[in-house]
Amino acid sequence: MFERFTGGRKKSNNPFDEFNGPYSQLIQAIENTQYYINKGNSSAAVSAFQKAADKYTESGELVAGLIDYQIENEQHQVAYDSLQNIQQTYGVFYDLAEYFSVDLRDIKKPTSAYLETLKGLLLAEMGKPRVAIKAFDTALALDGGCTAAWVGKGQALLALDDCQEALQVFEAALSTDWHAVDAWVGKGDALLYLGGMEEALEAYSTALELNELDVGANLKRALCLYALGQFQEAQNDIDSYLEVDEENALAWYVQSLILDKFGQNHTSRIARNKAIAIDATIVADPMIEFLVHCSEIFPPGCGQMTASPDNNAIPDSPSAAAPSTETATPRVFNPDGVRTPENGGSKEITPQAERRTRKPIPYKRSSKEQIDEEPRGFACVAGMEDLKDELTKSVIQPLRNPEKYKKFKVSIPNGILFFGPPGCGKTFIVRKLAEEIGYHFIEVHHSSIGSSYQHGTVQNIAAKFQEAINHAPTIIFFDEIEGMVPKRENLSSSESHRQEEINEFLTQLNNASKHNVLVVGATNQPDLIDSAIMRSGRMDRRIYIPPPDHEARKALFKIGLTNRPHADDIDFNKLAELTENYASSDISLIVEEAARSAVDLDADEIDMEILLWRINESNSSLVKSQIAIYERFKHLER
């Protein structure tokens, strides 16, 4: 979908440089325009703005290629940050156009809708369908005829299993462009889930008539054909799909089910084994479970094989059972007692009754959309019981039961400062805190919001807080916060603009809790943070993140050795005892070095002797005097 929307990226040596050239020149032209406006030099300002307009057009033509390239390289967060910055820069350009009374309405709306649609597609690619829907809605508010935004929203709704609304959205997409292949495929997906096999088949067939190269539609149409008992047609579609993609477990498993119907038991087993070899979990796929259920309607060997024996799928075996020459008459699955010709009822079955007999098929999520069944929140944090207890009492309980705390005039936390030595998991802990309380999580680095033009950083700070408000309840996390809010008395005269940035952060911090936003900062250097940040009502809760305790160190060794060959008699208690006051990163390094040593020694596994040797050769990155400084900071006056 993303590649279709962008039109595919033109091959180039470096798409980033290709985009960054005109984009950097656009920023420079904007800065020059602002400079000349402030100096009162109108003619120079107009000239600079005209150059900005040229670079705006040139960079706009390259945005999609840049984002597509970053996604190809799995730089999703980088791509998202790029889009945010581009939107902000274009916003400044639009403001300047308004200043010069240049009417850009015909350009601004479609361009803004285009960028929001890109953002929505990117968020969907990142496995964030709810946030993606908001971006698509913003795009559609700007341009209701944006077919890609309608289709993207429909796909995001499918990811949330809201297939009835998704169906309506895909219909809206087709009303803007009847020839939109992705809209037809999406409509087919929604109908497939809702049990409308014939309608889904029609949608996929239309998509293939519009674009016969859409092999994904071949596979989905094959599912419908199989469920409807049209095995030969399903076989043809599966063959077409496997010519392009031989590594799809679902396709091979469906192939095996079809071959069963043709009585080709041997080749069916080969196909099934190939599917399981690709993905051992395929047998539990909801779609396979549904199709196996459909298989009970049609007896084995009921199909009619017309393809040649050396068909693309799997070569026929001489020992395979001969296919039946009879074509099956599809029978209606009848779990609800609907009377059919088979049980003595009328030959006519109304469409409504037929729809009721079909079992809805759960939408098949992509790997990025799979519900995470792994432990979440503090269940992922081994040991550190004192820390988890402090967070529970001072943060989680007040946020979960605000009325109880308000009753006793106990303040709800507005901001928290995590401090402690480097490499001890501050970022990990705050992520798990967000999971524990079910908050949206936004991570901000000072380098990501810095801007080269006037007031740009201030606007970026405001934009990040607004993003947090839009997704509330949210934890907005500022890593290395001392870089964002340094002590003002330490600023030089050339850094006077930093005063404005600190003031903006304080303003946003003051209002955060009103919008259900919790601000968390992390630092290794708490003494460098401006004291105003830690006053009452701001970031007034200090939480020390110490080096991992005994249980946490045991867990770190166990996690590090997971999926690495190691002896069964590892004494994890002994390893934890020997690494007191080691940072989490130190322990990860010890395990990594132990693994390298095992390779160098040509050992079969990592044993206790190798681990003890690596510990003996390693020193903690922390010293007791450094830890003592953090301990003292806990008790300093605010």
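Is Tyr56 buried or exposed? Tyr56 counts as buried, at 6% relative accessibility (buried means under 20% relative accessible area, exposed over 50%, partly exposed in between, with a 1.4 Å probe and protein chains only). This is a predicted model, in which local features need pLDDT of at least 70 and side-chain atom pairs count only at pLDDT 80 or more, while totals for chains, interfaces and linings use all residues. Residues are numbered from 1 along each chain as its sequence is written, and side-chain values use heavy atoms, with hydrogens and water left out.

**Aromatic pairs**

- The structure holds 16 aromatic pairs (rings of Phe, Tyr and Trp, the last by its six-membered ring, pair if their centres lie within 6.5 Å; planes under 30 degrees apart count as stacked, over 60 as edge-to-face and the rest as tilted).
- One of them is the stacked pair of Phe49 and Phe93, with 5.3 Å centre to centre and 15° between the planes.
- That pair links distant parts of the chain, since Phe49 sits in helix α3 (residues 42–60) and Phe93 in helix α5 (residues 76–99), 44 residues apart (helices are DSSP runs of H or I with at least four residues, numbered from the N terminus).
- Phe49 is buried at 7% relative accessibility, and Phe93 is buried at 1%.
- Tyr56 and Tyr90 make an edge-to-face pair, 4.8 Å centre to centre with 65° between the planes.
- Tyr56 belongs to helix α3 and Tyr90 to helix α5, so this pair ties together parts that are 34 residues apart in sequence.
- Tyr90 is buried too, with a relative accessible area of 1%.
- Phe49, Tyr56, Tyr90, Phe93, Tyr94, Tyr99 and Phe100 form one aromatic cluster.

**Helix α4**

- Helix α4 (residues 63–72) is largely enclosed by the rest of the structure, because seven of its 10 residues are buried.
- Its buried residues are Val63, Ala64, Leu66, Ile67, Asp68, Gln70 and Ile71.
- Ile67 has 0% relative accessibility, and its C-alpha atom is separated by 9.4 Å from that of Lys119, 52 residues apart along the chain.
- Just after α4, Glu74 takes a positive phi of about 60°.

**A charged surface patch**

- Asp568, Asp569, Asp571, Glu577, Asp602, Asp604 and Glu605 gather in a patch of negative charge on the surface (patch residues have over 30% relative accessible area and no salt bridge, and like charges are joined within 9 Å; a salt bridge is a side-chain nitrogen of Lys or Arg within 4 Å of a carboxyl oxygen of Asp or Glu).
- Asp569 lies in the loop between α24 (550–561) and α25 (572–578), and counts as exposed at 61% relative accessibility.

Terms used
Patches are made of residues with over 30% relative accessible area and no salt bridge: like charges are joined within 9 Å, nonpolar side chains (Val, Leu, Ile, Met, Phe, Trp, Tyr) within 5 Å. Accessible areas come from the Shrake-Rupley method with a 1.4 Å probe; for residues, only the protein chains shown count as cover. Lys and Arg count as positive and Asp and Glu as negative; His and the chain ends are not counted. The place of a charge is taken as NZ of Lys, CZ of Arg, CG of Asp or CD of Glu. Helices (H or I, at least four residues) and strands (E, at least two) are DSSP runs, numbered from the N terminus.
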